[in-house]
Structures are given as C-alpha cells and as structure tokens.
Amino acid sequence: MGAPSLIAFDVNETLLSLDPIRSSLEGIFGSDPPIGEWFARLLHGSLIANALDQYRPFGAIGAEALISLAARRGLLLRAEDAIDALRPMSTLPPHADVIPGVERLARIGVPMIALTNGSSDVAVAQIDNAGLGDLLARVISVEEVGMFKPDPVPYRHAARAMGVPIEEMVLVAAHDWDCAGAMHAGAQAVFVKRPGSAWGMPVPPPERQVDGIETLAAAMGA
C-alpha cells in the first residue's frame, strides 16, 4: 500500500458501535434482534436507490428496512415508531480503539475525514458526539452527490473535495463492500476486521487488514 495523502474513515461499525441500535430493536423484536439482517436490508435499499436514481436519506431507507423486517415477522410497525427506534444512530459510541487510534494517526500529519452513507446532519452529530470532531478535517456525506457507496462517485468526490488524487486516498472500513467500492474507484483501502466481519467479495481483499484503528496506526508508523 502506497503512502496516502488522505485517510477516509467509514463511520457506522468502523468507528462507531451499533450496540445502542441493538438495544433499541429489542423493544420491537425481543431478545437477539436481527440487527445484521436490518443493516443488510439497509444496504440493499441504498443499492436499489442507486440503481433507480431514487436517492433519499439513509435514515429514511433504514426506517423502510426496519418496517419491512418487522412485516416479515408478522409485526406491524408504524413509520414513526421505526424512526424513533433508530434515533440512537446519532449518538452511537466509538469503539474502544477508535479515539486512541485516531489520535495516534493524527501524529503522522495526513488529513483524515469521515466518508459516510449517512446524511450530513446525522453524520456531523455522530462524529461530534463520539469526540472525533477535532480530529477529522471534514465529514463528507454521500448526500453531497446523491449516490451511495459503494458506487465510485462518493469516493472520487471525497478525494476531489480534499484536493488529492483518488489513488492517494485510503478508505478505512469494516465493510468488505465499502473497501471493494473504494478500490474499484481507484482508491486504496484498509479492511478493519471487527468481530463477525469477513471478506466475501468477488475481488481480492486489500493488502492491509487490521483488527482495529490502533493496529492501523501502529502499521502506519504512528
């Protein structure tokens, strides 16, 4: 992996834990809620939005996915209740390795940003709430281009907005599809192997795979 001029972090699951969403969904589905299935349907909805040129906020797609998931289980979930269940998204806590890892990475002097499928207002609230606001140069939402990752457009937009060639940007993500999308767009990628994550794309994984942000910082000499 070449030395990057820009580090772009995915947000949900990469930097922030979805545990509060798990707790929220227990109120709908009971113990062991299907949070993985919900997130997969959320991604599915964003891909369909891309394909049909029907962009709408990630939160709206998340609520639609939750209503659909409840219906599949014979539950009637009102739109307002789905939205309420997902309110913790704006206050998700960072994983334990994130703050110390990002602080170490800041020492090497490479600009860092967040690049997220979430809407701008939610993403900024997430980053500020997690204590990362002073460590990241910018929060870039796909809302700026109306196209969700893993389409190439958001990655190229982020590099262009920060004034670096796409090949000098490295996307750090705990999602194989996100890393694959970044590499397809011409960027570098680092796959963060959070518990339960595994590479399942029809392309080889990136050269660098780490178990957390502190490990990434060490690997980059920070």
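Biologist: Is H184 buried or exposed?
Modeller: Start with the cut-off. A residue counts as exposed when its relative accessible area is over 50%. H184 has 62%, so H184 is exposed. Keep in mind that this is a predicted model.

Biologist: Where does H184 sit, and what is H184 in contact with?
Modeller: H184 belongs to helix 8, which covers residues 176–185. Set aside neighbours within four places in sequence, and its contacts are P152 and R156. H184 and Y155 are 29 residues apart along the chain, and their C-alpha atoms are 9.6 Å apart.

Biologist: Which residues of helix 3 are buried?
Modeller: Here the cut-off is under 20% relative accessible area. In helix 3, the buried residues are F58, I61, G62, A63, A65, L66, L69 and A70. Their cover includes helix 1, helix 2 and helix 4. Those helices run over residues 19–29, 35–52 and 79–85, respectively.

Biologist: Which residues touch the most other members of the largest nonpolar core?
Modeller: First the general idea. Nonpolar side chains tend to be buried together in soluble globular proteins. In this model, the largest nonpolar core holds 50 residues. Those that touch the most other members are I7, F9, I21, W38, L66 and L105. Helix 3 provides the largest share of this core, with 7 residues.

Biologist: What is L66 in contact with, beyond its neighbours within four places in sequence?
Modeller: L25, I28, F29, W38, L77, A82, A85 and L86. L66 is also one of the buried residues of helix 3. There is a second, separate core too, with 19 residues. Its members include L115, L171, A173 and C179.

Biologist: How do I read the largest pocket?
Modeller: The volume is about 560 Å³. The lining has 21 residues, and E13, L18, F39, H175 and P195 lie nearest the centre. Helix 2 gives the most, 5 residues. Helix 1 and helix 8 each supply at least two. By class, the lining has 10 nonpolar, 6 polar and 5 charged residues.

Biologist: And the second largest pocket?
Modeller: Its volume is about 330 Å³. The lining has 18 residues, with F58, G59, L86, M89 and V122 closest to the centre. Helix 2, helix 3 and helix 6 (120–129) each give two or more residues. Helix 3 supplies the largest share, 5 residues. The classes here are 10 nonpolar, 7 polar and 1 charged.

Biologist: What is the phi of E13, and where does E13 lie?
Modeller: E13 is not a glycine, yet its phi is positive, about 80°. E13 lies in the loop between strand 1 (6–9) and helix 1. With a relative accessible area of 28%, E13 is partly exposed. E13 is also among the residues nearest the centre of the largest pocket.

Biologist: Which loop holds D53?
Modeller: The loop between helix 2 and helix 3. D53 also has a positive phi, near 55°, and is not a glycine. At 62% relative accessibility, D53 is exposed.

Biologist: Is the peptide bond from K149 to P150 cis or trans?
Modeller: Read omega. For this bond omega is near 15°, and the bond is cis. P150 is in the loop between strand 3 (138–141) and helix 7 (152–161).

Terms used. Residues numbered from 1 in each chain as written. Predicted model: local features only at pLDDT ≥ 70, side-chain atom pairs only at ≥ 80, totals over all residues. Heavy atoms only, no water. Buried < 20%, exposed > 50% of the residue type's maximum accessible area, 1.4 Å probe, protein only. Helix = DSSP H or I, 4+ residues; strand = E, 2+ residues; numbered from the N terminus. Contact = heavy atoms within 4.5 Å. 1 Å grid on protein atoms, 1.4 Å probe; cavity = no way out; pocket = protein on both sides within 12 Å on 5 of 7 lines; lining within 4 Å. Points joined across faces, edges and corners; volume = space filled by probe spheres on them. Nonpolar A, V, L, I, M, F, W, Y, C, P; charged D, E, K, R; others polar. Core = buried A, V, L, I, M, F, W, Y, C linked by side-chain atoms within 4.5 Å.
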